[in-house]
Amino acid sequence: MSTINPIIPGFASDPSTVRIGDVYFIVSSSFHLFPGLPIYASKDLVSWKRIVNYVSLLLSNAINRRAQLSLRRSNVEIWPSSETELKMQVSGGLYGPTISVRKDAVFVTSSVPGSNSTENFIVATKDIRSDQWSDPVYFDFYWIDPRIFVDEDGAFIFKREIWTGTGGIHPEGPHVYKKDGWYYLLVAEGGTLEGHMMTVARSKDIWGPYESNPSNPILTASGDDGYIQHTGHCDLFQSDNGEWWGVCLGLRKDTFLTSGSWLEGKWLSLGHVELNPKTLPQITSSGLDIVPASLLAEFVHIRDAELDKYKANLIDLSKVSGPHIHWEAPASDRREKRGGKTEHIKAGLVCYKDEQRFFRISYDTSEAAVVFEVWNNADKIHRTALHKLDTAPAYSLNFRIEYTEKEYRASYRDGKCFGTDAKWHLVGSLDTLELTNLDQ
């Protein structure tokens, strides 16, 4: 049975949203991947698609040119957690964006933390469907999650403390909304793990003082044994028929939708985040007008890739749904001669979260073997399984990664065999928890 949540699955954390006309847009963090700050669109709040530029046929990202900024310091580091005895994975890169509109321009603010320093910036475009985003304009602010607030008096970027929260650790991800003569300040607290929560305060003056909502926190999964956990980092918006909604981060770095209630002069309240919200958007949508993307549009690179050194050959990288999900790709037995010597190479598939956590299946020409490797440096996991082949593949090898919620499986087969003769050979498997750590 299909569910509404998450509305954007997978790697889509720290969502921020804005409505332009009858279309809703979300931008999310992308950390150490380039292009960065991906933008999604929807008319019904349930079906979300990546925007495609009509000319380049590439997916829209606020950071889409190497000249805009560098991600070279966006390493993934292992820190001890202050909350548990487990290790925490801390990624640099593009953090906590906010998207807003003023007049005919769209603005995105974000942070680039890494290597003990943080740079905060704003980029802009006059056409959110294009890839014509400005170069970043940096401003002096030490911390993450800078926010821009727009109202009839102008645009404000907050660079000083206006509220300290309710006492939860790591108050961050602030958003300010003006309603009924009040400025409401929505803040994430408690870290991004079990204690993650949303709190709200309000003031008659944008600079404070702010009074805390007696019913804080207004959103949390703490103490709840439900399927969706670690909810927080929420942004609010109002639909064209007056309903209030929130998009938030939940466990696995997905984006979730939840309903809200905000009566005149009253405090905001948010519904519990569920796979199928009790209240569904009452929006009639005619669908989004999005052209098909380039076949290579969804390819991403790790940090500052030298793009002119990459050459892409289109292959059949297919995703098949069923009781499991699997990806398949061929890899030939390739050998290159340089300086009169034959160099051996590896080719295959990798399930990559970051440089600290990944597993891969590949063909190693030097070993004439299929190799399965698992890495999780935080948990000191590193194991290798070698599957020797009697002879080098005459044509090619096919690799397959199968995924369920609890397990990964990696297999290979001879690339020249098809149909009923296409026997898959399992090389290795792992529990999905072996690639799971606390993420910040």
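Which residues are linked with Arg-360 in a network of salt bridges? I looked this up and found Lys-346 and Glu-373 joined with Arg-360 in that network, where a salt bridge is a side-chain nitrogen of Lys or Arg within 4 Å of a carboxyl oxygen of Asp or Glu.

**Ground rules.** I note that this is a predicted model, in which local features need pLDDT of at least 70 and side-chain atom pairs count only at pLDDT 80 or more, while totals for chains, interfaces and linings use all residues. Residues are numbered from 1 along each chain as its sequence is written, and side-chain values use heavy atoms, with hydrogens and water left out.

**Salt bridges.** I counted 13 salt bridges in the structure. Side chains of opposite charge can pair when their charged atoms come close. I looked up Arg-65 and Asp-135, whose side chains meet in a salt bridge at 2.8 Å, N to O. Arg-65 lies in the loop between strand 6 and strand 7 (76-80) and Asp-135 in the loop between strand 11 and strand 12 (137-139), so this pair ties together parts that are 70 residues apart in sequence. Arg-65 is partly exposed at 28% relative accessible area, and Asp-135 is partly exposed at 45%; buried means under 20%, exposed over 50% and partly exposed in between, with a 1.4 Å probe and protein chains only.

Are Asp-354 and Arg-357, the next pair I checked, buried or exposed? Asp-354 is buried at 3% relative accessibility, and Arg-357 is buried at 1%. The closest N and O atoms of their salt bridge are 2.5 Å apart.

I then turned to Glu-367 and Lys-388, which form a salt bridge at 3.3 Å, N to O. Glu-367 is in the loop between strand 30 (357-364) and strand 31 (369-376), and Lys-388 is in strand 32 (residues 381-388), so that the pair links distant parts of the chain, 21 residues apart. Glu-367 counts as partly exposed, because its relative accessibility is 33%.

**The core.** I found 23 residues in the largest nonpolar core, and among those with the most contacts inside it are Phe-25, Leu-37 and Trp-133. Such a core is a set of buried Ala, Val, Leu, Ile, Met, Phe, Trp, Tyr and Cys residues joined through side-chain atoms within 4.5 Å. Leaving aside neighbours within four places in sequence, I listed the contacts (heavy atoms within 4.5 Å) of Phe-25, which include Val-18, Ile-39, Trp-48 and Ile-128.

**Strand 16.** Strand 16 covers residues 182-189, and pairs with strand 15 (residues 172-179) in the antiparallel sense over six bridges, pairing being called when DSSP finds at least two bridges between two strands. Glu-172 has Ala-188 as its bridge partner in strand 16. Two residues stand between strand 15 and strand 16 in their hairpin, where Asp-180 takes a positive phi near 55 degrees. Seven bridges join strand 16 to strand 17 (residues 197-203), again antiparallel, and there Tyr-184 stands opposite Arg-202.

How values were computed:
Helices (H or I, at least four residues) and strands (E, at least two) are DSSP runs, numbered from the N terminus.
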